Structures are given as structure tokens and as C-alpha cells.
Amino acid sequence: MTEFKAFSKMKELMTNYYIEAKTTKEKPIAWITSGAPVEFLFAMDIIPIYPENYAAMCAASHQSVELMEAAEQAGFSQDICAYARTDFGADITQGGPAAGLPPPHFLLCSTNICKTVIKWYEVVARKYNVPLFIVDTPFLHEGLNKDLIDYTVTQFRDLEDFLSEFIGRPFDRDRFYEVLALSQEAAEHWRRMLYLGKTVPSPFNSLDSFIHLGPIVTLRGTKECVDYYKLLYEEVAERAEKKIGSIPEERYRVLWDNLPVWFKMRRLERFFEEKKCTLVVTTYANSWGGMSNYQVEEEGDPYELLAASYLDVYINWGFEERIKYLAQLMDEFCLTGFVMHSNRSCKPYSVGMYRLQEEVSKLTARPGVVIEADQNDPRIYSDAQVETRLEAFIESMDSI
Amino acid sequence: MVDDDFANGWRIVSKGELQVEDLVEGVTEFLFNPAPCCCIYNPENDRHPYLVDKVKGAEADGVLFWYIKFCEPDAFDRPQLMGRLKEEDIPSATIDVELSMTTFDAVKTRINAFCEILEG
Ligand code: SF4
């Protein structure tokens, strides 16, 4: 991992966040999906808890297997998303780095990342006997349009009513606008930081961005989050200015599509460094540079802008859009190739991947590779298989 | 087999006629009102009491879950549904099936074992 001074700040932020959530007596807790409009919760002083983030932490600290086994023991099939299984296991055993998550008072789930989360949250709602609010964000088969935005805004209004009834006071719109501005500011720092990857050599690699993703997922909408990403941006910008690369020698620059393999971060980092290959940009980390990141100065209804930003997410796009975007990133970041992680857990991210690879290769005249893996389940991962494919791919690239 | 809750069995039969005068209303009713399905979230039409009532109505002794790989919605529902049946003292078992499967010996063994449990 590239050494950033901001790293210790992030650890402190994340620790404080989990401590507050685990110890609070006054604030209600809502479990929320990573792409849900969290701004509504902060406006009402509710602590959002992200089971996906916790599952990733469990895998990164090599604790996911025992947790998934506990879930499978309870009857959950190995075919369901490993994040859900990890969290079910953590819930059953109160395991993982934070010894389980604080129980929810209600759940907020948005389908812009996948439809899996509806089922996942239904299970949680039933177990804890708490309400589940779903913000249904339709898949953008053919881009964004006004009807889809209106449909989403209507649900935002319902969400406000739900929250106001649940908490027992009117929805705090002034506070909401403040939170929106904070969210937008943090997302913009994050986006600008990620775009510093355009510098050759890249001042950071994508494994760094996966690690530094925690606060933008869990704390967007807070002042701490803004301060943190400002700090990180400045540090990375300084490296970019001085042309300090994330690895000693950068000969290849590639894109990573789909989630990280959380339990193989270190090994993959060493592997890529040895091969003089930097993972420069990822569709995954980029997603949080878009959500909540609308132009505040733009004329228009903030609800509509917010709805658009939550609908317009890579994993919620149809194929044509994905192909265009991937090709665009390949050019903008001067990449020599791309890696697609066909993730057994995440069907909506992985379906059609071989076809995408073909199309993007054709369009950019640069090689791509598909590796078969999983973000959280080491039991279906093979170092030899993945690394052999990656080696062949790296050999097939023209260096910069 | 005294009754079923298959997506291509009873759930289709339960759908009735599609109202065409107001198509949007009609389709919504068509989707949300019949037998509950794991693919449609509708807490007003919950699978748990529905399945218990269905078992009782059919005077079934137990329930066999037929899980077809890789149906995630069904896989999420199943453990809690089985738990609910257990609370009602209704025995249940599950069979994993793959669409590409060619030998069914394991399935037969499992069904036999379940029948033995039912015969008690
Ligand atoms: S990993 Fe994929 S399937 Fe699992 S919760 Fe995230 S988006 Fe949904």
C-alpha cells in the first residue's frame, strides 16, 4: 500500500464511527446499503450502519470464512452474495473486527447497486422485526430520463414522511440541505483525488483507493468526511506534482472493474508491483465520486439532482453505457489494458462480462482479461489460476 | 404431493384474469395479489403465514423445498421459511437441484429419508 499520512486519520475516523454506533444510547441506528441516500438519515440524526462495509472489513481481516460458515450452517446457500453471508454469520456469532453490528431500529435499502439487497434486508427486517424502507431506483437500460427521476423523487418524499413519523418530529429540511452540501463536497474531493490517477506515474494505485473508500461509503454527509478527503487529496496532489509513483517503476497502467478481492489485497499488490503494473482506476471506487456529487451551483431542484446522482451509477447502467464509459476511462487515464473481476458473489456487476471485455478490447485496441474470483469468499479463489491469467495478460500488453 | 407452491405451478394458477380496462392497475394486481413470490417484495402478502395456511389447508404432513441453483431470491427466503415451519411443528427438507443435472440418485435418497421422517 502506498504510504499516506492520511491513513492514520482514516483509521481513527472509522474506529470512532464504529465506537459511536456501538455505544450510543440516544441515536437510532439504521442499517443502510452502500448506494442509498444516506443524507436523509443524517438530517434526522440517525446513525447509518453499512453491513457491506462491515463484511468487507471482515474479509480484509481474514475473518470472513468462519462467518460465512456460520451462515451456511444456518441454511443460507453458498450461492448468495458473500457480503450477505458474511454479515448473517457476524450477526449470528457477533463476530468480526467490531464484534457484530449494533442492532437496527429500521432499514434503508436502495436497489441502485443490486436487487440482492432487497432479499438480504428482508431477512434482516424479519429477524429484528423492524421496518424496511426501499428506495427503488430502476435500472437505466437506456440512460437517465425525467420519469425515472420523478419516480425516485416521489420515494424521497415518502422517505421523509417515514422518517418524520418514525422519529416523531418533522423532517429537518434545513439540516438536510447542509448535509447535502457536505456530501457533495466530500464526493468531489474523492473524485478529484481519483482523477489524479491520470498522472504518469500514478501517485496511488487502486488498492489504495479500495482501502481509502471507507469514509466516503460510511461517513458521506459529515464534516469529518470532507476534511478527510481534502487531506487525502492534498497529499496525493503533492505526490502527483512531484511525479512520485505508487510503485517504483510503472510500465503498465490498467483499469480494474468490479469489487476488490478483499482477502487478497496484499498479495495482489505485491504481484502487480513485481510486474511493474499499476492498477490506476476502478469503476467501483469511482461510483462514490458520482453519488451525491451534483453541481450545487447548477440550477434545479436539489431533490431531482440527488435522485439523478443516485440513479446514475455504473452498476445501474445498461451495457452500451458501460462499454462507452470503460473505453473513455481507458483513453483518459492512458491505460495499457484492463482487468475484469468476474465476481461470483456480485451477479449484477459480473453478468455479461466476457462480452464486455470483447467489446471494450475491440473499441480501444487494448487487451483485457477476465479473472474468476469473489470479493469475500477465499474458498473459491485460486492464486495459481488468477495469477497465471494475469501474467499472460500483462505479457500481452504494450508498455507505456 | 398434495399441493405445490411452484412459480410455474400453483402461483400461475393463482393469478386469475388480467384486468385490461386499466392496464397499469391490472398488471399491478396481477403481480402483487396472487400467491406471494420470493421475487416480489410485498409485506402485505407475506410468504410465511401464506405457506403455513397452505400446508394446513392441504393437510400436508411436511414441506419439501426444491431449490434450483442459482435462484438467489429463493435462497434468501428459505432458511427463515423453514424456521417458521419448524415453529409450527411442520417438518421440512430441502433438495438442491441444478438445471444441468443428469443423475438424481442423491435427490431420491433425500426424498426417501424425508418420507421416513414423516412416517416417524
Ligand atoms: S456485492 Fe453485489 S450482489 Fe452483493 S450486495 Fe454488493 S452489489 Fe449487491
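Angles under 35 degrees count as roughly parallel, over 145 as roughly antiparallel, 65 to 115 as roughly perpendicular and the rest as oblique. The structure is a predicted model, in which local features need pLDDT of at least 70, side-chain atom pairs count only at pLDDT 80 or more, and totals for chains, interfaces and linings use all residues. Residues are numbered from 1 along each chain as its sequence is written, chains are lettered from A and ligands numbered from 1 in the order in which they are written, and side-chain values use heavy atoms, with hydrogens and water left out.

Two packed helices are described by the angle between their axes and the distance between the axes. Axes are lines fitted to C-alpha atoms, for helices over the stretch in contact, and angles run from 0 to 180 degrees between N-to-C directions. Helices (H or I, at least four residues) and strands (E, at least two) are DSSP runs, numbered from the N terminus.

In chain A, the axes of helix 4 (residues 64-73) and helix 5 (residues 82-93) come within 7 Å and cross at roughly 80 degrees. Helix 4 of chain A and helix 5 of chain A are therefore roughly perpendicular to each other. Contact means heavy atoms within 4.5 Å. Helix 4 of chain A contributes Ser64(A), Leu67(A), Met68(A), Ala70(A), Ala71(A) and Glu72(A) to this contact. Among the residues of helix 5 of chain A that take part are Arg85(A), Phe88(A) and Ile92(A). By class, this contact has eight nonpolar, four polar and two charged residues. Ala, Val, Leu, Ile, Met, Phe, Trp, Tyr, Cys and Pro count as nonpolar, Asp, Glu, Lys and Arg as charged, and the others, Gly among them, as polar.

The axes of helix 6 of chain A and helix 4 (residues 72-87) of chain B come within 9 Å and cross at roughly 10 degrees. These two helices are therefore roughly parallel to each other. Helix 6 of chain A makes the contact through residues including Thr116(A), Trp120(A) and Arg126(A). Helix 4 of chain B meets them with Glu72(B), Pro73(B), Phe76(B), Asp77(B) and Gln80(B). The contact residues divide into four nonpolar, two polar and six charged.

Helix 6 (residues 116-128) of chain A also supplies the largest share of the shell around the ligand, three residues. Shell residues (a heavy atom within 4 Å of the ligand) include Cys81(A), Tyr83(A), Trp120(A), Leu259(A) and Gln375(A). The shell has eight nonpolar, three polar and no charged residues.

Chain B has five helices and two strands. Along the sequence, chain B follows the pattern α-α-α-β-α-β-α. Its C-alpha trace spans about 50 × 35 × 25 Å along the principal axes.

Backbone exceptions occur in loops. The peptide bond from Val200(A) to Pro201(A) is cis, with omega near -5 degrees. Pro201(A) lies in the loop between helix 8 (173-195) and helix 9 (206-211) of chain A. The bond from Lys69(B) to Phe70(B) is cis, with omega near 0 degrees.
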